[in-house]
Amino acid sequence: MVINKQLVLTYLYLLVYILLSSGVILYNKWMLSPKYFNFPYPITLTMIHMGFSGLVAFFLVRVFKVVSPVKMTFEIYATCVIPISAFFASSLWFGNTAYLFISVAFIQMLKALMPVATFVMAVICGTDKLRWDIFLNMVLVSIGVVVSSYGEIHFNIVGTVYQVTGIFAEALRLVLTQVLLQKKGLTLNPITSLYYIAPCSFVFLFVPWYLLEKPGMEVSQIQFNFWIFFSNALSALALNFSIFLVIGRTSAVTIRVAGVLKDWILIALSTVIFPESTITTLNIVGYAIAICGVVMYNYLKVKDARASQLPLENLAERTAKEFKMEKKSSDLYVPDDIINNSSGLRTGRNSSSDIIVDEEAPLLASSRLSHLGQSQLSNHSA
């Protein structure tokens, strides 16, 4: 039996992605929860992540020169980077704050609303068209989330509002990324996107931190363990790069399936690690309904991508053209229509509602169509 090393390596990357994504979420919950590490300052934790990521990116770009910075003008920075950074910082702030009020399992169930939020924002901003088949899927997802919420024993309206607000902030960031950066023709890889976005997000978070968390930190005794904070920030950074490795080797379908699998694993793990996270039958039924809607949505989006590859040329001609395109791409062969996940920047022509997002690392490239026929898709959408 011949073992395909590339296939094994791909699945190894997927496993690392699932472990890191689940680990970062559980780690954040453990640190923020008053019952465990007791560091109830989500804005501070997010600022640590941004500061660490920005510092690493600075050394990679300016000192070690692993990648070259893009031609960033003041106009592009003011009109593109700053608005995107603001919504990125908001999504992380609200999302991390939700850990203080609701369980990890329930948070993952609420995150099923991400396609709904992105689709709604894309339609409002005019980057996607209202389609009844997708709309009905979004209704199904919403019904599932409502049923799951109704079955939540420890339901908390404050935590739910924080999480849902964070989801819609992230959705708006994705749409703005498409609208603003696509017009500028700006392409940022994961490192350069961290380089530009992380410091700006840090600055945006400083104002709410100064008003909301700084006064409490002055009067309370904070246990600061350098290695815990360092390992937490390092895990978040590693997650970004693991997603980048995964999307370079797999299709959009594989990443979507891995994301759904990760959510189920995370829900199960959270109930073991955090015993107070109780899951009811109604929780599971509601989440299953929502996942069915998400799966159907993913199927429709992939079907649309394949349908866009019109048979204008025979397969051999398309393959030859695609091969030429591949030769011009980078060694990591990341297509132009990919976003960045610790800064989440996207420059392609795909619909923003077609983006695959990991909420813990929303700035790396996280949308990837199959290589074959990708240029065709771009041509037809132009």
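These questions and answers walk through one predicted protein model.

It is a predicted model in which local features need pLDDT of at least 70 and side-chain atom pairs count only at pLDDT 80 or more, while totals for chains, interfaces and linings use all residues. Residues are numbered from 1 along each chain as its sequence is written, and side-chain values use heavy atoms, with hydrogens and water left out.

Colleague: How many salt bridges does the structure hold?

Modeller: Start with the rule. A salt bridge is a side-chain nitrogen of Lys or Arg within 4 Å of a carboxyl oxygen of Asp or Glu. By that rule, the structure's salt bridges number five.

Colleague: Which residues are linked in a network of salt bridges?

Modeller: Take arginine 131. Its side chain meets aspartate 133 at 2.7 Å, N to O. Arginine 131 also meets aspartate 304, at 2.4 Å, N to O. The linked residues are Arg131, Asp133 and Asp304.

Colleague: How many residues apart are aspartate 304 and arginine 131?

Modeller: Their side chains meet in a salt bridge. Helices (H or I, at least four residues) and strands (E, at least two) are DSSP runs, numbered from the N terminus. Aspartate 304 is in helix α11 (residues 281-307), and arginine 131 is in the loop between α5 (114-125) and α6 (132-150). This pair links distant parts of the chain, and the separation is 173 residues.

Colleague: Is arginine 131 buried, partly exposed or exposed?

Modeller: Buried means under 20% relative accessible area, exposed means over 50%, and partly exposed lies in between (1.4 Å probe, protein chains only). Arginine 131 has a relative accessible area of 26%. So arginine 131 is partly exposed.

Colleague: Which residue forms a salt bridge with aspartate 263?

Modeller: The closest N and O atoms of this pair are 3.5 Å apart. Both residues are buried. The partner of aspartate 263 is lysine 262.

Colleague: Which residues make the nonpolar surface patch of about 580 Å²?

Modeller: Patch residues have over 30% relative accessible area and no salt bridge; like charges are joined within 9 Å, nonpolar side chains (Val, Leu, Ile, Met, Phe, Trp, Tyr) within 5 Å. Accessible areas come from the Shrake-Rupley method with a 1.4 Å probe, and for residues only the protein chains shown count as cover. The patch is made by Leu55, Phe58, Phe59, Val63, Phe64 and Val66.

Colleague: Is phenylalanine 64 buried or exposed?

Modeller: Phenylalanine 64 sits in the loop between α2 (42-63) and α3 (74-97). Its relative accessibility is 59%. So phenylalanine 64 counts as exposed.

Colleague: What is the phi of lysine 65?

Modeller: Most residues other than glycine have a negative phi. Lysine 65 lies in the loop between α2 and α3. It is not a glycine, yet its phi is positive, at about 50°.

Colleague: What is the phi of asparagine 38?

Modeller: Asparagine 38 lies in the loop between α1 (5-32) and α2. With a relative accessible area of 40%, asparagine 38 is partly exposed. Its phi is positive in a residue other than glycine, near 65°.

Colleague: How far apart in space are proline 208 and threonine 44, C-alpha to C-alpha?

Modeller: Proline 208 is in helix α8. At 11% relative accessibility, proline 208 counts as buried. In sequence, proline 208 and threonine 44 are 164 residues apart. In space, C-alpha to C-alpha, the distance is 9.8 Å.
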